[in-house]
Amino acid sequence: MQPPRLVAPVEHKLDAVVRPPGSKSMTNRALVVSSLVREGSVSRLTGPLEADDTVAMRQGLRQLGVLIDDVDDPWLVLGTGGQLTGDTVIDAGASGTTARFLTAVAALADGPVTVDGTARMRQRPIGDLLDALTQLGADVRRDTGSPPVTVSGPLTGNKTEVAGTTSSQFLSAILMIAPMLGSQVEVGVSGDTVSRPYVSGTIQVMRAFGASVAESPKSFMVEPSGYTKAHFDIESDASAAVYPAVAVAIAGGKVVIRGIPLTSIQPDLAVLDVLEVMGCSVTRSEDEVVISFAGDRLNPVDADMSGSPDGALAIAVACLFAEGTSRLSGLGTLRVKETDRLAALVSEIRRIGGHAEIDGDTLVVGPGPLHGAVVETYDDHRMAMSFALAGLRVEGIEIADPGCVTKTWPGFFEALEKLCQI
């Protein structure tokens, strides 16, 4: 664990250009799908994210027999046609996408596969995904509703239902393996799907590799098409772009964020709408987003963040500099992330002098006489990156265990320092 890292306040308005790293969400989805393309076909992934979460995914896929050349960009992935090697134990670490996606992929292997992870991963739910796999014919062994779990195929069913109320990753996992089954698969959804935009991202990646998916609000029909090779360009990560965007709201000035096309459907782009309500100016063009803020105080907001819960952490920090109390609703899923992020937000906002409380699945945030403190990060990269932004205006903000940002943005603090230079 690294010692706390001090974030120095900015004495001027921001004026910078930044290109965040590749999307974690798209990188891990593209890795899964490209590994299943026709045997012997090579796919190219351009602009992928190099971080702990994608290391875990690549290692897990390699244990299943997938060949990946990740020495340079683009990464090259040799398709297996779904002919995967079992009899292995995959350590997903702290990566939720790796644990959930590879639990589903494991059902295609020729032997049992156990998926495990960190102590926190052993607390995170996966039961709804296991139930859906069982309906497709998988043999599932588990002690609880969390990892470790052991999954064996073959999958012989053609209809399943996934509960959508805990994590959209369960639905995404089932959808990605569905084209590899022997017949058309109907995937139903029970309850409201949280973070539904991430499912749209999954389907976007699947279609880029030749899958045929028909969708309605409560079900999906997936054809047994398999996947074909593709040259897939990975956008800059909108979840990472949240931090320079919110930095502008806190410190003022202008930042140009590159690598996010106008056609992007990444869920955390919804944060831009919230920033506009708070008083920022946002413009988008073909490959960049420009955010500027010329005011002294931000407007408070009442925003439903259920579609972009990861971005809610940075917005919560921005609300500390607003002229009044803000309410960020739809955040129930934050309780089952890398830490209980709702509880962590309340604790750390109060630690630096702000006001925070939880009302059901809503976070209520208000400004206060903010002051320096060592902010605990709970081994959670988004806690570290979000609260670092407070240090742009408040003297003495230190981030405990800053190395946890390697989960999704290893160079975050260096990028933040560069962002603040003129």
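Predicted model: local features only at pLDDT ≥ 70, side-chain atom pairs only at ≥ 80, totals over all residues.
**Helix crossing, a buried serine and aromatic pairs**

User: Why are helix 1 and helix 3 called roughly parallel?

Analyst: The axes of helix 1 (residues 24-35) and helix 3 (residues 96-105) cross at roughly 15 degrees and come within 11 Å; the axes are lines fitted to C-alpha atoms over the stretch in contact, with angles from 0 to 180 degrees between N-to-C directions. Angles under 35 degrees count as roughly parallel, over 145 as roughly antiparallel, 65 to 115 as roughly perpendicular and the rest as oblique. Helix 1 and helix 3 are therefore roughly parallel.

User: Which residues of helix 1 and helix 3 meet?

Analyst: From helix 1, N28, R29 and V32 meet T97, T98, F101 and V105 of helix 3, contact being heavy atoms within 4.5 Å. The contact residues comprise 3 nonpolar, 3 polar and 1 charged.

User: How do you know whether S41 is buried or exposed?

Analyst: S41, in the loop between helix 1 and strand 3 (42-46), has a relative accessible area of 15%. Buried means under 20%, exposed over 50% and partly exposed in between (1.4 Å probe, protein chains only), so S41 is buried. Leaving aside residues up to four places away in sequence, S41 touches V77, L78, G79 and K229.

User: What makes the aromatic pair of F209 and F232 tilted?

Analyst: The structure holds 4 aromatic pairs. In one of them, F209 and F232 lie 5.7 Å centre to centre with 40 degrees between the planes. Ring centres within 6.5 Å make a pair (the six-membered ring for Trp); planes under 30 degrees apart are stacked, over 60 edge-to-face and the rest tilted, so this pair is tilted. F209 lies in the loop between helix 6 (196-208) and strand 12 (213-216) and F232 in strand 14 (residues 231-233), 23 residues apart. Both F209 and F232 are buried.

User: Why is the pair of Y243 and F412 called edge-to-face?

Analyst: The planes of Y243 and F412 stand 75 degrees apart, with 5.9 Å centre to centre, so the pair is edge-to-face. Y243 in helix 7 (residues 238-251) and F412 in helix 12 (residues 412-419) are 169 residues apart. Y243 and F412 are both buried, and Y243, W409, F412 and F413 form one aromatic cluster.

Conventions
Residues numbered from 1 in each chain as written. Heavy atoms only, no water. Helix = DSSP H or I, 4+ residues; strand = E, 2+ residues; numbered from the N terminus. Nonpolar A, V, L, I, M, F, W, Y, C, P; charged D, E, K, R; others polar.
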